[in-house]
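This report is meant for a reader meeting the structure for the first time.

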Amino acid sequence: MSKTQDFINYINERTCNKYVFLRLRQVLFDRSKNICVVSFIYPKTIEVSEKSKKEIVDVVKSYIPLENAIVEVRINKSYVEQDLVFNHVKSFLRTNSSLIFNNMEEKDIVVNVGEVVDVQLSLEESQKDFFLKSNLDRKLTQYLEKQFYANFALVVNIKKTGKVKEELLDNRLKSIERQSELDSLLTNNLDKYMVTDKKVIVGSEITFNPRYINSIDKEYESVVVAGKINFLTERTYKSKRKVKNKEGEEEFLEKPLFRFNLKDDTGNINVIIFPSKSNYHKMHLLKNGDTVAVSGKIQKYNDNYEMVIKDISLCKIPNKNEVEKIVSTDLITEYKYIKPQKYSSLKQTNLFDENKFLSKEAREGSFVVYDFETTGINLSNDEIIEIGALKIVNGEFKEVFTTLVKPKKPIPFEATKVNKITNEMVANCYSIEQVIRDFYLFCKDCQMVGYNSIAFDSVFLERAGKTVGINFNNNQLDAFMLAKQKLKGLRNYKLGTVAKYLEVNLIDAHRALNDVIATAEVFLKLY
C-alpha cells in the first residue's frame with residue numbers, strides 16, 4: 001500500500017469515512033520555512049462547511065510526521081472545465097516531453113468534459129511509440145486526476161499528416177541515455193577529466209566529462225570522449241525509406257553521413273554521425289584538426305569499437321599532464337570556476353570581538369556552514385540550484401562561497417515560489433559537476449555545519465560529489481540538533497525561532513547565504 005493511501009485511510013478512519021470524497025492533490029514541504037502544505041480537492045457538487053474543514057485540518061496535522069513544522073491544509077472545490085484541462089495537458093507535455101510539445105499544434109489536443117473527461121492526443125507514429133514506452137499516458141492521467149476531481153480517459157491517435165522532427169526525438173532519447181550514464185558514474189570511478197570553453201555545434205550541450213579513449217573496453221549506450229578530428233569525410237547511405245524518382249519509380253532514399261577519427265593523448269576511435277536535415281549544414285562548420293567533445297553510443301564493428309554520435313561541441317582539452325582526474329582530490333588545488341570571497345560585515349565584528357564567549361572548540365576549530373536551495377525535496381531526483389557557504393576559522397567569519405547552479409532539468413514553479421530562483425537566473429551558470437569541485441576545495445579540512453541538514457543537505461552533497469568521483473568525508477554537525485539539546489522549552493526549533501531566541505537576525509530566509517549566516521551565528525552561540 002502506498003504512503004498516499006495510508007494517509008487517506010488514516011483520515012477516513014479518524015473521521016468515520018465522512019470525507020471519502022476528498023482527493024489528495026499534493027504535499028509540499030518548504031524546508032527553509034519549515035512549512036508543509038497539504039492540498040485536497042473535492043467535487044463541485046459537494047459543499048464542505050468550515051466546521052468540517054477544521055476537523056480535516058486537525059486530523060491531517062495529527063498525521064504529518066514532521067517535528068515542529070507548520071502544517072498548512074488547503075481544501076478546494078474542483079472545477080472541471082474544458083479550457084482548464086486543455087491548459088494542464090499542454091503544461092504537462094511542455095514539462096515532460098518538449099520534443100512532443102514542440103511538434104504539436106493546438107488542434108492535436110481535444111478535450112471533451114462529461115461524466116468521464118475524454119482527452120485525445122494526435123501524435124506522429126514514432127512519437128506515439130515513445131509516448132507509450134515512456135509511460136507518459138499513465139503519468140498524464142495521474143497528473144490530471146490530481147489537478148481535477150474527475151475520471152479521465154486518454155486516447156492517443158496517430159496523425160495522418162505532418163513530419164516528425166527527428167532531432168527532437170534524438171534529444172529526448174539522448175537525455176534518457178545520459179541518465180543511464182549518470183547512474184553508472186555513481187558506482188564506477190572512471191578515468192575522466194574536464195574540458196573547457198565548450199561550444200555546441202550539433203545536438204545538445206554535453207554536460208558530462210569525457211573519459212580517455214583507451215579506457216573504452218566494451219559497448220556503452222552513452223559515453224563522452226574528446227580529441228582532435230582527423231580524416232573527416234562525407235558519404236551517403238541508403239535509408240529504409242523509399243521515395244519516387246523522376247520516372248515515378250520507387251527507390252531507397254539516400255541520406256548523408258559523416259565519418260572521422262577522434263584522437264586524444266591515449267588513443268583514437270572511429271566516429272560516425274547520421275545528421276538530421278537541420279544538422280547537416282552544421283557539420284560543415286567542422287574541419288580536420290578541430291578539438292571536440294562528442295557524446296554517443298559505443299558499438300563493436302569488425303572486432304573494433306566505433307562510436308555513433310549525436311552531440312558535438314568544440315572545446316579545449318588540457319595537456320595530459322595538466323588534466324585533473326576527477327577521482328583524485330589531491331589534484332584539486334586551485335579554484336577553477338567559483339572563487340570564495342572575503343567576508344566583510346560590521347555585524348560580525350560587533351558580535352565576535354569577544355572570543356572569550358565562545359567555547360574552546362569554536363575558538364580553535366575550522367568550520368564551513370552551508371545551505372543548499374534545490375528544485376524540490378526528492379533526494380533521488382531533485383537538484384541543487386544554489387550553494388551558500390561561510391568559512392569560520394578560530395571563531396571568526398573568514399570567507400563566503402556562493403553561487404547559483406544550472407540544473408539539468410527546468411526549475412519547477414513550486415520551487416521558484418519558495419526560493420525565488422528562476423530558470424532565467426541559472427541559464428548561464430555553471431553545472432553542479434563544475435561547481436562541486438571548487439566547493440570541495442573550500443570545505444577541505446573543515447567540519448561542515450548545516451541546519452536540519454543531516455537528512456537533507458548532506459544527502460544532496462554526497463550525491464553531487466559522487467557525480468565527479470569526490471567523497472565528502474568531512475565531519476558533519478547539525479545546529480538544529482544542538483538547539484534541541486541546549487535550548488529546552490522552545491515552542492519549536494525552526495531556524496527563525498532559535499535565531500530570535502538567541503537574538504540573531506534572520507533576513508530573507510528564502511536564499512542560501514542568508515540562512516547560512518544566521519546558522520553560523522546560532523552555531524557559535526551553541527557549540
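## Overall picture

The model is a predicted one. Of its 527 residues, 47% count as buried. The secondary structure consists of 17 helices and 18 strands. Taking the contacts between residues at least 6 apart in sequence, 68% join residues that are at least 24 apart.

## Helix α17

Helix α17 covers residues 512-526.

How many of the 15 residues of α17 are buried? The count is 11, and the helix is therefore largely enclosed by the rest of the structure. The buried residues include a run from Ala518 through Thr519, Ala520, Glu521, Val522 and Phe523 to Leu524. Ala512, Asp515, Val516 and Leu526 are buried as well.

## Helices α5 and α6

Two packed helices are described by the angle between their axes and the distance between the axes. For helix α5 (residues 125-133) and helix α6 (residues 136-147), the axes come within 5 Å and cross at roughly 65°. Angles of 65 to 115 degrees count as roughly perpendicular, so α5 is roughly perpendicular to α6. On the α5 side, the contact is made by Phe130, Phe131 and Leu132. On the α6 side, Leu136, Asp137 and Leu140 take part. Sorted by class, the contact of α5 with α6 has 5 nonpolar residues, no polar ones and 1 charged residue.

## Two residues with positive phi

Lys420 has a phi near 65°, a positive value in a residue other than glycine. Asp445 also is not a glycine, and its phi is positive at about 65°. Where in the chain is Lys420 found? Lys420 is in the loop between α11 (413-419) and α12 (423-426). Asp445 lies in the loop between α13 (432-443) and β17 (447-450).

The table gives the accessibility of these two residues.

| Residue | Relative accessible area | Class |
|---|---|---|
| Lys420 | 44% | partly exposed |
| Asp445 | 72% | exposed |

The class follows from the cut-offs: exposed means over 50% relative accessible area, and buried means under 20%. With 72%, Asp445 is therefore exposed, whereas Lys420, with 44%, is partly exposed.

How values were computed: Residues numbered from 1 in each chain as written. Predicted model: local features only at pLDDT ≥ 70, side-chain atom pairs only at ≥ 80, totals over all residues. Heavy atoms only, no water. Helix = DSSP H or I, 4+ residues; strand = E, 2+ residues; numbered from the N terminus. Expected span 1.5 Å × (residues − 1). Buried < 20%, exposed > 50% of the residue type's maximum accessible area, 1.4 Å probe, protein only. Contact = heavy atoms within 4.5 Å. Axes fitted to C-alpha atoms, helices over the stretch in contact; angles between N-to-C directions. Parallel < 35°, antiparallel > 145°, perpendicular 65-115°, else oblique. Nonpolar A, V, L, I, M, F, W, Y, C, P; charged D, E, K, R; others polar.
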